[in-house]
Amino acid sequence: MKNIVILISGGGSNMAAIVRAAERDRWADRFGARIAAVVSNKAEAGGLALAKSHGIDTAVVPHKDFATREAFDEALAKVVDGYSPALVVLAGFMRILTPGFVGRYAGRLVNIHPSLLPAFPGLNTHQRAIEAGCKVAGVTVHQVTTELDHGPILAQAVVPVLPDDTAATLAGRVLAQEHLLYPRAIAGWLSDTSSHNR
Ligand code: GRF
C-alpha cells in the first residue's frame with residue numbers, strides 16, 4: 001500500500017477534500033494508496049478532528065517547541081518517515097521547509113498555492129492579484145523544490161476576478177477550485193506512478 005501523509009496548519013479544507021476523494025474514488029483499490037496520516041504543526045488545527053473521524057492517524061509537531069527550523073524539520077521528518085510515505089502532501093502547511101527536508105522527499109512532495117504560479121508566490125496572493133488588476137486568478141499544484149512556491153507545475157485551475165471582488169470573495173472562489181484540483185492532481189500522480197510500477 002502506498003502511504004500518503006498530509007501536512008496541515010489550519011482548517012484543513014483541502015485535506016478534507018483529499019480524504020473524501022480518496023474514499024469516494026476508492027484510491028485503495030484503484031491505486032493501492034491510502035491517506036496514512038495527517039500531521040500538523042499546530043495542535044489547534046481544525047482539520048485534525050476531521051482526519052480522526054475518518055480513522056486516519058494524526059500527529060502534532062509544534063514548531064514552537066524547536067529552537068531552529070532544522071530541529072523542527074528533523075522532528076517532523078521523523079514522524080513522517082514513520083509512515084514510509086510514497087507521497088507527502090502540503091495542504092495549507094504554513095511553514096517554510098528547509099532544503100534538508102525538501103531533499104529528503106524530492107519527487108514525492110507536493111504543494112497547493114492559491115495563485116497562478118509563477119505569478120504571486122508567497123502570501124496575500126488574492127489581494128496582490130486584485131491590486132495588479134488581474135482579470136483571472138487561480139490555483140497551482142506543484143512539486144516542492146527548495147525555492148519557495150516554485151517547482152514543476154502539476155496542475156492549475158483558473159477563475160475570473162470580478163469587478164467587486166475583495167480578497168475574501170476571490171479567496172472563496174479560488175478555494176472551491178482548490179478542493180477539486182488537489183484531489184485530481186494527486187489521483188493523476190498516483191495513476192502515473194502505478195503505471196510506471198507495472
Ligand atoms: C489554501 O488556500 C491553500 O492554497 C493555502 O492555504 C489555504 C489552506 O486552506 N496554501 P485549508 O487549510 O486547506 O482550508
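Gly46 is partly exposed, with a relative accessible area of 44%; here buried means under 20% relative accessible area, exposed over 50% and partly exposed in between, with a 1.4 Å probe and only the protein chains considered. The model is a predicted one, in which local features need pLDDT of at least 70 and side-chain atom pairs count only at pLDDT 80 or more, while totals for chains, interfaces and linings use all residues. Residues are numbered from 1 along each chain as its sequence is written, and side-chain values use heavy atoms, with hydrogens and water left out.

Gly46 is located in the loop between strand E2 (33–40) and helix H3 (47–53). Helices (H or I, at least four residues) and strands (E, at least two) are DSSP runs, numbered from the N terminus. Between the C-alpha atoms of Gly46 and Ser84 the separation is 25 Å, and the two residues are 38 residues apart along the chain. Ser84 belongs to the loop between helix H4 (69–81) and strand E4 (85–90). Ser84 counts as exposed because its relative accessible area is 59%. The phi of Ser84 is positive, near 40°, in a residue other than glycine.

A positive phi is also found at Phe120, which is not a glycine and has a value of about 55°. Phe120 is part of the loop between E5 and H6, and its relative accessibility of 19% places Phe120 among buried residues. Pro118 is found in the loop between strand E5 (109–113) and helix H6 (125–131). The peptide bond that joins Leu117 and Pro118 is cis, with an omega of about 10°. Most residues other than glycine have a negative phi, and most peptide bonds are trans.

An N or O atom in the side chain of Ser13 is 2.5 Å from an oxygen atom of the ligand. For Glu178, a polar side-chain atom and an oxygen atom of the ligand are 2.7 Å apart. At Ile112 the backbone takes part, with a polar backbone atom 3.5 Å from a nitrogen atom of the ligand. Of the 370 Å² of accessible area that the ligand has on its own, the protein covers 79%; accessible areas come from the Shrake-Rupley method with a 1.4 Å probe, and for residues only the protein chains shown count as cover.

The largest pocket is the space taken by the ligand. A pocket is an open set of points on a 1 Å grid over the protein atoms alone, where a 1.4 Å probe fits, with protein on both sides within 12 Å along at least five of seven lines. A molecule sits in a pocket if more than half of its atoms lie within 2 Å of the grid points of that pocket.

Helix H7 also contains Ala185 and Ile186. Ile186 is buried because its relative accessible area is 2%. Its C-alpha atom is separated by 12 Å from that of Asn14, a residue 172 positions apart from Ile186 along the chain. Ala185 also counts as buried, at 13% relative accessibility.

Ser9 lies in the loop between strand E1 (2–8) and H1. With a relative accessible area of 8%, Ser9 is buried. The side chain of Ser9 makes a polar contact of 2.7 Å with the side chain of Asn41. A polar contact is a pair of N or O atoms within 3.5 Å; within protein, one must be able to donate a hydrogen and the other to accept it, and residues adjacent in sequence count only if both atoms are side-chain atoms. The side chain of Ser9 also reaches the backbone nitrogen of Met94, at 2.8 Å.

Note on methods:
On a 1 Å grid over the protein atoms alone, a cavity is a set of points where a 1.4 Å probe fits but cannot get out, and a pocket is an open set with protein on both sides within 12 Å along at least five of seven lines; lining residues have an atom within 4 Å of a point.
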